[in-house]
Number of protein chains: 2
Amino acid sequence: MSEAATAPAARATIGDSEFDRDTALTRRAPGVYDIDLSAGWTIISAVNGGYLLAVLGRALADTLPHADPFTISAHYLTASQPGPAVVRTDTVRTGRTLSTGQASLFQYDDGGREVERIRVLASYGDLDALPGDVRTTARPPAIPPLEHCLGAEDGPAPVPGSSAITDRLMLKLDPSTLGWALGKPSGKGEMRAWFGLADGRDHDPFSLLLAVDALPPTAFELGLKGWVPTVELTVHVRCRPAPGPLRVSITTRNLAGGFLEEDAEVWDSADRLVAQSRQLARVRLG
Amino acid sequence: MSEAATAPAARATIGDSEFDRDTALTRRAPGVYDIDLSAGWTIISAVNGGYLLAVLGRALADTLPHADPFTISAHYLTASQPGPAVVRTDTVRTGRTLSTGQASLFQYDDGGREVERIRVLASYGDLDALPGDVRTTARPPAIPPLEHCLGAEDGPAPVPGSSAITDRLMLKLDPSTLGWALGKPSGKGEMRAWFGLADGRDHDPFSLLLAVDALPPTAFELGLKGWVPTVELTVHVRCRPAPGPLRVSITTRNLAGGFLEEDAEVWDSADRLVAQSRQLARVRLG
């Protein structure tokens with residue numbers, strides 16, 4: 001195409017992006033929010049758990065007097081589907097620096113009755129009000145530079161079926177955690193990637209909630225196949241992320257009894273440990 | 001005293017112990033439980049957060065069709081006091097292998113009104129029904145043998161004031177995480193100990209909830225003084241603990257912005273990683 005014919009699309013911004021549009025809710029009444037869950041954040045047919053957490057997180061940010069999730073725990077009850085949903089929030093307690101709230105996401109069964117998909121408990125604060133004292137001893141993950149990491153577009157689709165979410169992400173995996181895609185899982189419960197949004201939107205606390213659950217499961221590198229559904233996910237948001245891609249490092253050390261934990265660390269371009277999470281997930285053994 | 005005058009007390013058992021008596025609730029109505037919170041599980045004047053979590057956990061075990069907490073998250077809203085309390089539980093969802101519930105602990109203000117202290121969201125299952133496949137890659141902590149570790153009784157009381165809880169615990173700390181007690185904090189966010197109940201009761205899933213929050217704060221080894229109140233605590237119970245003392249290892253790697261995380265691992269005498277937890281706590285800097 002000629003240079004003049006199409007101007008490059010303006011890069012998306014926080015507040016004006018796919019992620020913002022797809023996590024936006026309409027307040028129907030105090031504490032009651034409607035949303036049409038997007039089909040764009042699915043892996044195979046499952047709506048991504050981090051996307052859902054971001055939806056709930058935004059509803060709570062509207063309800064509570066504090067805007068930033070500090071610690072948010074979600075129990076995933078039944079599988080969500082693209083389509084209509086309602087989020088109901090309650091204020092548990094408001095304080096000077098922290099407030100706590102609860103939220104549930106429901107969808108509708110064949111008879112139009114509400115079926116609860118996810119319940120969340122969270123405490124919110126103001127990340128910009130935190131003192132600048134940083135004594136983090138954790139170090140960023142050892143991951144090759146972005147240009148040496150690989151995305152879905154760099155090879156054959158490793159997971160058959162639609163993976164709509166990968167179109168919305170800039171996800172470049174550490175080749176040393178990609179053995180599973182070549183039929184040679186490493187046997188180590190590790191997954192590392194550079195992470196961004198495909199339309200260029202910078203990160204904010206809500207895209208951090210997406211980031212911790214957007215990588216392929218560590219189970220793949222442990223030689224397990226199939227779905228690894230999240231039972232519960234808790235995220236600590238510790239800092240507003242700087243612009244630029246994130247580095248996400250996920251570790252599993254306790255695969256046992258049909259369950260595993262995934263510990264995620266999220267590092268921003270300023271080398272701050274901006275979020276930490278742990279989820280409990282079920283695995284199919286053998 | 002003469003040998004014949006006093007027979008040694010029978011060792012306590014699960015179901016007949018201080019811990020069981022002090023976490024026992026009386027069901028007033030479906031989903032409504034009364035308890036007198038014990039003064040015996042306090043550090044200085046604060047009722048221990050793990051003891052409180054065990055109280056809420058036992059209420060949910062009575063409410064739900066599954067008996068064992070698998071993943072439990074608590075948000076601590078206001079400080080609990082010894083004395084009367086009520087726990088209100090709700091069933092969120094019941095399934096074949098997992099059920100989810102919510103619980104709140106309230107105490108009473110001067111006017112007799114209920115004030116919420118803690119809210120919990122938890123999923124329960126049956127630990128004995130889990131397959132025996134164990135592929136844990138985590139290793140038990142490097143901690144000296146119990147006889148080389150030190151308890152409060154081995155030195156001067158490092159924390160002034162009443163520490164009633166220490167009378168109820170067998171808590172022997174790794175000397176390498178005791179620098180703070182000698183005015184020489186290591187600067188490393190680590191705390192390790194052997195952990196048991198003073199009356200000899202073996203462990204169960206509910207004493208694991210106590211174990212993850214019963215050690216001195218890692219903040220002490222980071223040179224910080226003062227109270228480190230828990231904002232939120234999530235515990236994964238992964239295995240019914242074998243008899244005998246536990247090894248608890250706590251790590252902090254992200255002290256920043258006036259908050260820190262404490263990651264606890266709990267290992268039983270069979271070298272199983274029986275519980276993992278993470279809490280977000282507030283610190284006073286400088």
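1. A salt bridge here is a side-chain nitrogen of Lys or Arg within 4 Å of a carboxyl oxygen of Asp or Glu. With that in hand, have a look at the side chains of B:Arg278 and A:Asp263: they form such a bridge, at 3.9 Å from N to O. Please keep in mind that this is a predicted model.

2. Staying with the contact between the chains, the count of salt bridges between chain B and chain A is 4. Chain B brings 56 residues to the contact, and chain A brings 55. About 4800 Å² is buried between chain B and chain A, with 52% of that area coming from carbon and sulfur atoms. B:Arg278 turns up again here: together with B:Arg238 and B:Arg253 it supplies 15% of the area that chain B buries against chain A, more than any other three residues.

3. Now for chain A by itself. Its two parts are domain 1, covering 18-125, and domain 2, covering 146-282. Their centres, taken over C-alpha atoms, lie 21 Å apart. The contact between them draws 31 residues from domain 1 of chain A and 29 residues from domain 2 of chain A.

4. How much area is buried between domain 1 of chain A and domain 2 of chain A? The figure is about 2500 Å², and carbon and sulfur atoms give 59% of it. On the domain 1 side, A:Glu18, A:Phe19 and A:Ile44 supply 21% of the area buried against domain 2 of chain A, more than any other three residues. Between the two domains of chain A, 3 salt bridges are counted.

5. A hairpin is formed by β6(A) and β7(A), with 4 residues between them.

6. Last, the cysteines. Is Cys149 buried or exposed in chain A? A:Cys149 counts as buried because its relative accessibility is 4%, where buried means under 20%. B:Cys149, also at 4% relative accessibility, counts as buried too. Over all chains, the disulfide count comes to 0.

How values were computed. Residues numbered from 1 in each chain as written. Chains lettered and ligands numbered in written order. Predicted model: local features only at pLDDT ≥ 70, side-chain atom pairs only at ≥ 80, totals over all residues. Heavy atoms only, no water. Disulfide = S-S within 2.5 Å. Buried < 20%, exposed > 50% of the residue type's maximum accessible area, 1.4 Å probe, protein only. Pairing = 2+ DSSP bridges. Helix = DSSP H or I, 4+ residues; strand = E, 2+ residues; numbered from the N terminus. Domains from an automatic or database assignment. Contact = heavy atoms within 4.5 Å. Buried area = accessible area lost by both parts, 1.4 Å probe.
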